[in-house]
Amino acid sequence: MSAPYYHATGKEEDVFEHACKNNLPVLLKGPTGTGKSRFVEYMAHRLGRQLITISCHEETSSTDLVGRFLLKGAETVWQDGPLTAGVRTGAIVYLDEIAEARPDVIVAIHPLTDHRRELFIDKLGESVKAHPNFMLVASFNPGYQKGFKELKPSTRQRFVALAFTYPAPDIEANILVQETGVDATDAQKLVRIAGKVRTLTELGLTETVSTRLLVDAARLIAGGLPKRLAVKVAVVEPLTDDLEPVAALTDLCNLMI
Ligand code: ADP
């Protein structure tokens, strides 16, 4: 399988490799759509490790991660959850949006994040030592805006942390071209739009234009959708449902593409 495309924006590849060698868990922090998941996919491929991704949400509990007893006919049989499977086989386990998960998930991962490197399965009364290749990676969207959950300092301080943000304009344009085949001039225009919208704090957007939204717009444009329509549906509409900001953003984008 060919390597997933990832354009480095700093020293994140070196940091990840060193963290991996030293058995340190890694926290990728930054807004949505800034390449965190793509980076983990790329690093897992580069290190030749299996990647197990767990997308955490409000209902994600330690049972979902660690495992549960299932009824099979008249018997109950134990089934490892994805975290336990990764701990046993030596995978990279990626807990995407870890702060969204229930608190018992954080409790369950603590012994995996320090020198113990073990997972306690309370339902089996058993501790599983992590395979030497096991690595824990988590992502977190820092709560600059209301509505996002925080991660406790006692948890954060167990990870080596890498900050992700929007790439520099030339790198971001390059990503759009590589990902979608859109032409370079349109890629630059999309990046300029994003640069402008990202400064408009007065619109009160919860999240601003991510690289992901630009990739979507570029993909639609490369596929032949009229440019203004592509920007409206892939960039403006996903950002807000309020009519005034939608109108203001649409006017602005129409001028810029
Ligand atoms: P996150 O996990 O931070 O929410 P993703 O990794 O899913 O974001 O990134 C969203 C999309 O943006 C990816 O699918 C990819 O197309 C693009 N992307 C963002 N940053 C990069 C990068 N540095 N290199 C390559 N693609 C990127």
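Modeller: The largest pocket lies between domain 1 (12-163) and domain 2 (169-256), because both give residues to its lining; the domain bounds come from an automatic or database domain assignment. The model is predicted, so local features need pLDDT of at least 70 and side-chain atom pairs count only at pLDDT 80 or more, while totals for chains, interfaces and linings use all residues. Residues are numbered from 1 along each chain as its sequence is written, and side-chain values use heavy atoms, with hydrogens and water left out.

A pocket here is an open set of points on a 1 Å grid over the protein atoms alone, where a 1.4 Å probe fits, with protein on both sides within 12 Å along at least five of seven lines. Its volume, the space filled by probe spheres set on points joined across faces, edges and corners, is about 520 Å³.

The lining has 25 residues, those with an atom within 4 Å of a point. Gly33, Thr34, Gly35, Lys36 and Arg38 lie nearest the centre of the pocket. At least two lining residues each come from α2 (36-47), β5, α7 (169-180) and α9 (211-222), with helices (H or I, at least four residues) and strands (E, at least two) taken as DSSP runs numbered from the N terminus. α9 gives the largest share, five residues.

By class, the lining has seven nonpolar, nine polar and nine charged residues. Ala, Val, Leu, Ile, Met, Phe, Trp, Tyr, Cys and Pro count as nonpolar, Asp, Glu, Lys and Arg as charged, and the others, Gly among them, as polar.
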